[in-house]
Amino acid sequence: MGLKHHVCFAAVIGAIALVSCSTQSNVADPVLVENQKNPLQFVSLNEEKVVVGQTVYVPIYSHIYHYNSKDQVMNLSATLSIHNTDFANPIIVTSVRYYDTAGQLIRQDVERPVALNPMASTSFFVAADDTRGGVGANFIVEWVAEEAVSDPVIEAVMISTSGGQGISFISSGKVIQQRGNPNR
């Protein structure tokens, strides 16, 4: 190999190294992750037909403390997932709101009712560099149905793979308000 090839090879390796070290920030953009084969559809909600529903609190951790100090934090990305567990009937997601540690609304991801078909799921994403939520952040998810349905599973997965180590854990939703009787 000649000197020209060594310089060209070194330049390519340097460019790859620079690109792999760059980061992108999506702090301001809420991200709805949809299954492209079954996207969410906006629906009209007739309150008179609603027979069941819930308001669900889901803890989210945008970062956690580690080692022996609050100065050592690990940023986490979070994916909120809503799973319709009913085999026959859709549920209607009426609201998905993200709050910070102080209880201040950060963003509202669902502004109009959307149908989640039987056995379908959808997700909402908080980027690791979006630390506005803090250690005590949370999502509030509201859903209803026009038929008796099985309760959906609503949970969040937090993950970080920075610094050569990985951490992940799940946070389950807790029903804080019940509407009707969801059990058949």
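1. In which loop is the place of S62? S62 sits in the loop between β3 and β4 (63-66), where strands are DSSP runs of E with at least two residues, numbered from the N terminus.

2. This is a predicted model, in which local features need pLDDT of at least 70 and side-chain atom pairs count only at pLDDT 80 or more, while totals for chains, interfaces and linings use all residues. Residues are numbered from 1 along each chain as its sequence is written, and side-chain values use heavy atoms, with hydrogens and water left out.

3. S62 is buried, at a relative accessible area of 1% (buried means under 20%, with a 1.4 Å probe and protein chains only). A polar contact of 3.4 Å links its side chain to that of H63 (a pair of N or O atoms within 3.5 Å, one able to donate a hydrogen and the other to accept it, with residues adjacent in sequence counting only if both atoms are side-chain atoms). A polar atom of the S62 side chain also lies 2.9 Å from the backbone nitrogen of G134.

4. Leaving aside neighbours within four places in sequence, S62 is in contact (heavy atoms within 4.5 Å) with residues including M74, Y98, D130 and G134.

5. L80, in strand β6 (residues 77-83), is likewise buried, with a relative accessible area of 0%. Among the residues that L80 touches, not counting those up to four places away in sequence, are V58, V96, F124, F139 and I154. The C-alpha atoms of L80 and V126 are 8.3 Å apart in space, although the two residues are 46 residues apart in sequence.

Notes. Helices (H or I, at least four residues) and strands (E, at least two) are DSSP runs, numbered from the N terminus. Buried means under 20% relative accessible area, exposed over 50%, partly exposed in between (1.4 Å probe, protein chains only).
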